[in-house]
Amino acid sequence: MLERESELQAITAQLDRACAGDGSLTVVEGPAGIGKTTLLRAAASLAGERGMRVLRARGGILEQDLEYGLVRQFVERPVLQAPPERRAALLAGPAAPAAAVLGLAPLPSDGGPGHDPAADILHALQWVVANLADDGPLLLVLDDAHWGDGASLRAGGYLARRLEGLPVALLVGTRNDEPGSQQRLLAELFGAADAHYLRPQPLSGDGVARMLGAAFGGGVPSPALVAACDHATGGNPFLLVELAAELANAHETPDAVPVETVAQAGPLAVRRSLLLRLGHLGEPALLLARAIATLGGEGELRHAAAIAGLPLGVAGGAADALTAA
């Protein structure tokens with residue numbers, strides 16, 4: 001949680017407003033590894049200190065096509081585990097169509113021309129959240145929203161525009177650099193909902209030094225080591241934590257780290273993360289990335305395409321995907 005004081009202050013203010021009956025939407029946006037999930041976890045802890053109920057959901061590539069998957073993560077358990085009388089109250093009146101999303105009733109039938117049953121479901125899901133908030137202030141935490149299903153994200157956007165007067169804080173974490181995700185839909189929905197955006201920045205040189213010192217149990221890293229680690233990670237907290245841990249595992253003190261070896265370090269967690277992100281881009285991008293690595297990052301596209309066994313046009317599209325990612 002280094003250098004995140006302003007973000008925590010904004011989240012704290014949002015939670016306090018929700019406890020006072022004024023709901024709002026905050027979006028924590030940034031690239032992979034910048035610390036969005038850490039902030040969301042801190043928000044959940046702060047909400048718990050205030051007696052707020054915390055409901056969580058998280059997007060995932062394998063769940064993008066699961067209609068209302070995120071919505072079910074949020075409300076399925078609190079609704080289904082409620083006593084029968086309370087469950088009936090949660091799904092009463094305008095909230096009734098939400099029962100179909102939770103598998104408690106048949107899906108609504110087509111009401112004929114000019115009537116969209118999906119609109120009824122959106123309205124109903126908003127009422128389920130409002131009914132849950134009758135028991136006390138709520139914090140809804142949605143992480144990795146960029147991998148959410150479209151139906152759930154539309155429901156979230158619908159709710160976000162109707163939070164005024166509800167003791168509900170909606171906190172969303174999303175990447176802004178992930179090709180093939182729901183970024184465009186999120187921008188449309190949450191822009192219309194007058195979201196407050198938090199964009200955590202890379203750590204400063206002082207933050208990098210403090211992170212390295214903590215990894216070595218309090219040792220003071222040299223300016224050269226700090227600069228090398230800052231350059232290698234760009235101040236990205238995830239990359240820096242993993243790099244610092246690998247250096248600390250291999251050396252007793254910061255002074256024992258040969259600065260010239262920092263750029264060659266390859267922490268296992270970073271490799272896994274990289275391979276996972278490459279896998280999202282498709283086989284041509286993965287083949288091209290391997291070919292570029294074989295060339296040591298040098299050469300022209302035609303050289304890498306030949307090593308990867310890809311037609312030049314396919315390799316060009318893969319290069320564009322890699323650059324975007």
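Is Tyr68 buried or exposed? Tyr68 is buried, with a relative accessible area of 9% (buried means under 20% relative accessible area, exposed over 50%, partly exposed in between, using a 1.4 Å probe and protein chains only). A word on the model before the close-ups: it is predicted, so local features need pLDDT of at least 70, side-chain atom pairs count only at pLDDT 80 or more, and totals for chains, interfaces and linings use all residues. Residues are numbered from 1 along each chain as its sequence is written, and side-chain values use heavy atoms, with hydrogens and water left out.

**View 1. Tyr68 sits in a loop.** Look between strand S2 (53-58) and helix H3 (69-80) to find Tyr68 (helices, H or I with at least four residues, and strands, E with at least two, are DSSP runs numbered from the N terminus). Tyr68 isn't a glycine, yet its phi is positive, at about 60°.

**View 2. Asp144 has a positive phi too.** Its value is near 50°, and this residue is not a glycine either. Asp144 belongs to the loop between strand S3 (138-143) and helix H7 (150-160), and it is buried, at 13% relative accessible area. Skipping residues up to four places away in sequence, Asp144 touches Arg58, Gly59 and Gly173 (contact means heavy atoms within 4.5 Å).

**View 3. Leu25 and Val75 touch the most other members of the largest nonpolar core.** That core has 48 residues (a nonpolar core is a set of buried Ala, Val, Leu, Ile, Met, Phe, Trp, Tyr and Cys residues joined through side-chain atoms within 4.5 Å).
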